[in-house]
Amino acid sequence: MFERVLVANRGEIAVRIMRTLRDLGISPVTVHSEADAHAVHVRMADASICVGPEASAQSYLVGERVIDAARRLGAQAIHPGYGFLSENAAFARAVTEAGLVWIGPPPEAIETMGDKLDARRTVEAAGVPVVPGVSRPARDPAEALAIATQLGFPVMLKASAGGGGKGMRLVHDEASFEAALSAARREAAGAFGNDAVYVEKFVVEPHHVEIQVMCDAHGAALYVGERECSVQRRHQKVIEECPSPFVDPDMRARMGAVAVAAAKACGYVGAGTVEFLVGGDRNFYFLEMNTRLQVEHPVTELVYGVDLVELQLRVAAGEPLGLTQADLQPRGHAIECRIYAEDPVTYLPSPGRITALTWPEGPGVRVDSGVDASSTVPMAYDPMVAKLCTWGSDRSQAIRRMGRALDETVILGITTNIGLHHRVLAHPAFAAGRYDTGLLATPLPDAPAPASGHRDAVLAAVAIAQHVADEARAVPTGAAGDALTGWRIEGHERMLRGG
Amino acid sequence: MRYTIEHDGESTPVEVRRLGTDRYLVKIGDGEARVIDAHADAQGVHLLDGAHSRRVRLADDGRSAWLGGHTVTAQALDPHAARLRARRGDTVSGGGDTVILSPMPGRIVQVQVAVGDAVVPGQGVVIIEAMKMENELRAEIAGTIASIHCQADDRVEGGAQLIVIDPAEG
């Protein structure tokens with residue numbers, strides 16, 4: 001096993017990976033941008049090297065600087081986390097060529113799965129069901145329309161090089177087809193520098209269900225259950241759960257076998273996720289494979305009792321998985337709420353300095369956070385500040401624990417989507433486990449109102465805090481020079497003391 | 001002490017008097033004064049109001065508060081800001097203030113009172129010059145001059161505390 005591993009990431013995922021490194025007695029080291037010199041992931045590491053200014057394109061994404069940092073810090077391997085360089089095949093190759101171990105799948109697998117059409121062709125050849133459509137970009141609008149007519153409306157237009165919802169268009173009828181096609185192509189060209197768009201059958205009452213796969217270099221390829229990711233807003237996941245309330249054991253076994261076939265088709269090694277689109281009729285179709293650790297992997301860990309990062313490390317070190325499919329049995333239920341620094345109404349990012357922070361604790365709670373009470377959430381990076389997970393012996397207990405955990409969570413200074421999570425949990429369709437990807441487009445229940453006496457209690461508390469601060473200052477100095485009140489001055493002094 | 005607390009955009013006068021360790025008399029707006037057991041620490045205040053236990057978390061910049069899963073903007077307005085708002089008619093009730101603050105950066109021309117002097121509302125206490133204009137700052141309450149923190153020719157910043165008045169009883 002490695003003695004020192006460089007985590008080429010920031011935020012919660014860097015922290016989460018370092019925790020497993022510590023569990024295994026491996027020294028975690030990392031890299032940071034100028035803005036992140038005192039970020040939580042740097043504090044947690046044994047050593048860190050600055051790789052450039054705040055903009056990730058000039059720091060976290062500069063592969064040669066990351067590799068140079070790994071060499072200088074004496075790391076034997078690089079874990080890329082998710083995002084940033086994690087799905088960059090050229091970087092994976094460069095890591096290996098530098099004599100370091102890449103904790104991820106072979107570069108060829110990243111390349112195959114990184115191109116949607118290539119991926120579709122590869123898995124189709126392995127017998128994996130794909131959404132009815134044509135696995136190549138339409139040559140011209142007339143051909144695209146012919147394909148759409150043949151499949152039958154509604155159809156989905158997708159960018160060949162795409163991801164994250166960019167270049168995607170749902171088209172309900174022939175009349176709106178041409179305008180949607182040119183919009184999708186413009187968007188794809190802008191986002192990916194490639195305007196290739198293909199046409200797929202649109203699946204009705206769609207669910208987004210993904211299978212976790214884990215393969216070693218000795219031929220073992222297992223699936224570690226599924227995750228239901230249908231609570232989405234504009235193709236961004238908000239809440240995930242494991243197991244899916246929509247998937248029964250038979251369906252799980254069939255989807256798992258198909259996911260393993262997809263992984264084998266591209267020579268996969270390590271942890272990966274095969275995403276499926278599942279119709280209301282329970283037919284499922286391959287969407288794409290994410291060739292890295294997934295954001296929502298903790299719900300799988302909670303239900304299957306595995307540490308996926310540890311398995312990644314063992315596989316990268318050449319060890320066999322040492323597990324059989326029969327070892328991987330689900331137990332209980334887990335839910336993840338992604339905590340974003342964003343306005344719950346406009347969904348715009350809400351960066352800023354955190355001015356009070358407490359994470360929930362207690363039975364069945366797991367928090368993966370990339371911030372602490374002294375953190376500033378920068379505008380430059382992903383607005384996700386933490387993942388809050390709860391586990392219960394059944395789904396209902398996991399949901400009740402999530403409600404309690406959200407209530408215990410205190411985050412001041414930035415606006416978060418905690419209120420949105422409460423509203424989703426209270427939604428009858430979510431509570432019943434009968435929802436699809438359209439859930440967040442339906443009207444949500446109102447957020448629960450504050451208890452009576454809320455306002456007076458806050459007024460009393462603020463006034464008492466101010467009074468106590470004034471008493472502590474005893475005699476006014478008269479030369480304070482700014483309009484800060486005592487309570488605020490005390491807060492600033494506390495910050496300077498680092499307390 | 002009397003504070004102006006802004007809660008979710010609305011200003012409310014709150015009076016606080018310490019009765020003992022962790023015990024306060026609190027009067028909110030026109031409500032009854034109540035004895036509240038409360039303990040303030042670095043992260044907020046725990047209130048034991050009768051049998052009601054409430055933990056209020058306060059932001060370290062003094063601008064927002066959290067209670068029972070609900071976050072609100074809430075802050076103690078500094079006396080100068082509170083007075084400005086009172087002039088604009090924002091506050092629920094008028095009333096004066098015990099601290100005279102410099103409304104702007106400037107130079108003290110003259111201090112018109114001495115410690116121990118009795119003052120009445122409207123009485124001039126300090127003349128400050130800024131941008132070639134002299135402004136007379138007046139007491140807004142009746143009381144006695146408790147302390148003076150400036151003298152003629154001092155340069156002061158906006159918001160600096162100049163005079164503290166000990167309010168007259170009643």
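A residue counts as buried when its relative accessible area is under 20%. By that criterion R16(A), with a relative accessible area of 5%, is buried in this predicted model.

A second salt bridge of chain A joins E187(A) to R169(A), with 3.1 Å between the closest N and O atoms. E187(A) is in helix α8 (residues 177–192) and R169(A) in strand β7 (residues 169–171), so this pair ties together parts that are 18 residues apart in sequence. Here E187(A) is partly exposed, at 29% relative accessible area, and R169(A) is partly exposed as well, at 26%. Chain A also holds a network of salt bridges that includes E210(A), R227(A), K237(A) and E240(A). Over all chains, the search of the whole structure gives 42 salt bridges.

Helix α5 (residues 107–114) of chain A contributes the buried residues P107(A), A109(A), I110(A), T112(A) and M113(A). Among the elements that cover them are α4 (89–97), α6 (116–125) and β13 (284–290) of chain A.

In chain B, D49(B) and R34(B) form a salt bridge whose closest N and O atoms are 2.8 Å apart. The two residues lie in strand β5 (residues 44–49) and strand β4 (residues 34–41) of chain B, respectively, 15 residues apart. D49(B) is buried at 17% relative accessibility, whereas R34(B) is partly exposed at 33%.

The two chains meet through 49 residues from chain A and 48 residues from chain B. The area buried between them is about 4200 Å², and carbon and sulfur atoms give 63% of it. Three salt bridges cross the interface; one of these pairs R455(A) with E10(B), at 3.7 Å between the closest N and O atoms. There are also 11 residue pairs in polar contact between the chains. On the side of chain A that touches chain B, α15(A) gives the most, with 18 residues. That side divides into 23 nonpolar, 15 polar and 11 charged residues.

As to confidence, the predictor assigns the complex an ipTM of 0.80 and a pTM of 0.79. Chain B has a mean pLDDT of 85, with 88% of its residues at 70 or more. Over residues 89–95 of chain B, however, the pLDDT is below 50, and this stretch has 14 contacts in the model beyond near neighbours in sequence. Where pLDDT is low, predicted coordinates should not be read in detail.

Terms used. Residues numbered from 1 in each chain as written. Chains lettered and ligands numbered in written order. Predicted model: local features only at pLDDT ≥ 70, side-chain atom pairs only at ≥ 80, totals over all residues. Heavy atoms only, no water. Contact = heavy atoms within 4.5 Å. Buried area = accessible area lost by both parts, 1.4 Å probe. Salt bridge = Lys/Arg side-chain N within 4 Å of Asp/Glu carboxyl O. Polar contact = N/O pair within 3.5 Å; in protein donor to acceptor, adjacent residues only side chain to side chain. Helix = DSSP H or I, 4+ residues; strand = E, 2+ residues; numbered from the N terminus. Nonpolar A, V, L, I, M, F, W, Y, C, P; charged D, E, K, R; others polar. pLDDT = per-residue confidence, 0-100. Buried < 20%, exposed > 50% of the residue type's maximum accessible area, 1.4 Å probe, protein only.
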